[in-house]
Amino acid sequence: MTRRYFIAGNWKMHNNTTETKELLTAMKQNFQNINDSEVMVAPSFTSLQTAKEILEGTQIIIASQDCHSEDKGAFTSAVSCPQLKEFVSHVILGHSERRSVFGDTDIVINKKLKATLAHQLVPVLCIGETLQERESNKTLEILKAQLDGGLAGFEEKDLETLIIAYEPVWAIGTGKTASPQQAQETHEQVRKHLADMYSQEFADKTRILYGGSVKPENVDELMGQTDIDGALVGGKSLEAESFLRIINFKK
Ligand code: PEP
């Protein structure tokens, strides 16, 4: 089964509206997509309107980096899916920084996933193990628990749009990348678990992105792995030239 590549930029807490305008204008002007990948950017909430204006008429998808699970209410500072829907079509959920800094548990992420799907937004669900977990051979156990918890209560038919991002925590923002072989092996195990949870057909069609210090120098080899269907890029998505090179990876 062919899975369309998906290259995503997670801007984290970077870029005001002027910087957003500059970065997206540079990207748009030089945008080519030789791999015909789907391309997504996830700016901060404050830059979503600017991103929407600049990317109007392009194929570039806009995502938010998180959402709240409720539609509205007394949740100071939070942003709901109905509010986000004015700007975005996709939502990143369960990023490791959301898990470790803001305390998002699998139960919270599961509720957010429910809200995302209820509002026809496409979820990009992040999973990943810490260095300590990898070193104590717990990688698979952790990933399975994150998938089981995050996807609890959903049937295969609910998850047609789901995108998974495997991001080893020890590789995020550290400059350390999982080797292509390490990443491939883990992606294969994640896909196998999706098959066990749902069906082989579901596992075969679900895209699994790799994230963790993806850069122009390592993207080609990573994207060449059978079970890697794209990338979630942090640091290098803030540089137009680097991100464009990543989008145009060579297999
Ligand atoms: C991320 O933010 O999801 C990420 C993978 O960051 P970086 O590419 O900087 O490691």
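Biologist: In which helix is the place of Gln189?

Modeller: The model is a predicted one. In it, Gln189 has its place in helix H8.

Biologist: Does Gln189 count as buried, partly exposed or exposed?

Modeller: Buried residues have under 20% relative accessible area and exposed ones over 50%. Gln189 has 28% relative accessibility, and therefore counts as partly exposed.

Biologist: How many Å lie between Gln189 and His119 in space?

Modeller: In sequence, Gln189 and His119 are 70 residues apart. From C-alpha to C-alpha, their separation in space is 30 Å.

Biologist: What distance does H8 reach from its first C-alpha to its last?

Modeller: Helix H8 covers residues 180-197 and has 18 residues. At 1.5 Å a residue, the expected reach is 26 Å. The model comes close to this, with 25 Å.

Biologist: How many of the eight residues of H11 are buried?

Modeller: The buried residues of H11 are Ala240, Ser242, Phe243, Leu244, Ile246 and Ile247. The helix is thus mostly covered, and the number buried is six.

Biologist: In what order do the eight strands close into a barrel?

Modeller: The pairing of the strands is parallel. Neighbouring strands of this sheet are turned against each other by 25 degrees on average, direction ignored. The order is S1-S2-S3-S4-S5-S6-S7-S8.

Biologist: Which residue of S6 is the bridge partner of Cys126?

Modeller: Strand S5 (residues 122-127) pairs with strand S6 (residues 163-166) over four bridges, in the parallel sense. Within this pairing, Leu125 has Ile164 as its bridge partner. For Cys126, the partner is Ala165.

Biologist: Which residue of S5 does Ile92 stand opposite?

Modeller: Strand S4 (residues 90-93) runs parallel to S5 and is joined to it by four bridges. Ile92 stands opposite Val124.

Biologist: Which residues of S5 point the other way from Val122, Val124 and Cys126?

Modeller: Six of the six residues of S5 are buried. Val122, Val124 and Cys126 point one way from the strand. Those pointing the other way are Pro123, Leu125 and Ile127.

Biologist: Which residue of S2 does Ala8 stand opposite?

Modeller: S1 and S2 run parallel and are joined by five bridges. Both faces of S2 are covered, with Glu38, Met40 and Ala42 buried on one side and Val39 and Val41 on the other. The residue opposite Ala8 is Met40.

Biologist: Which element gives the largest share of the largest nonpolar core?

Modeller: This core has 61 residues, of which Met27, Leu151, Leu159, Tyr210 and Met223 touch the most other members. The largest share of the core is five residues, and it comes from H11.

Biologist: How many residues are in the other core that lies apart from it?

Modeller: Among the members of this other core are Ala8, Val122, Val124 and Cys126. Its number of residues is 14.

Biologist: How many disulfides does the structure hold, and why?

Modeller: A disulfide requires two cysteine sulfur atoms within 2.5 Å. The sulfur of Cys81 is 3.7 Å from its closest cysteine sulfur, in Cys67, and is therefore too far for a bond. The sulfur of Cys126 is also too far for one, because its closest cysteine sulfur, in Cys67, is 12 Å away. The number of disulfides is zero.

Terms used:
Residues are numbered from 1 along each chain as its sequence is written. This is a predicted model: local features need pLDDT of at least 70, side-chain atom pairs count only at pLDDT 80 or more; totals for chains, interfaces and linings use all residues. Side-chain values use heavy atoms; hydrogens and water are left out. Two strands pair if DSSP finds at least two bridges between them. Helices (H or I, at least four residues) and strands (E, at least two) are DSSP runs, numbered from the N terminus. Axes are lines fitted to C-alpha atoms, for helices over the stretch in contact, and angles run from 0 to 180 degrees between N-to-C directions. Contact means heavy atoms within 4.5 Å. The expected span of a helix is 1.5 Å times one less than its number of residues. Buried means under 20% relative accessible area, exposed over 50%, partly exposed in between (1.4 Å probe, protein chains only). A nonpolar core is a set of buried Ala, Val, Leu, Ile, Met, Phe, Trp, Tyr and Cys residues joined through side-chain atoms within 4.5 Å.
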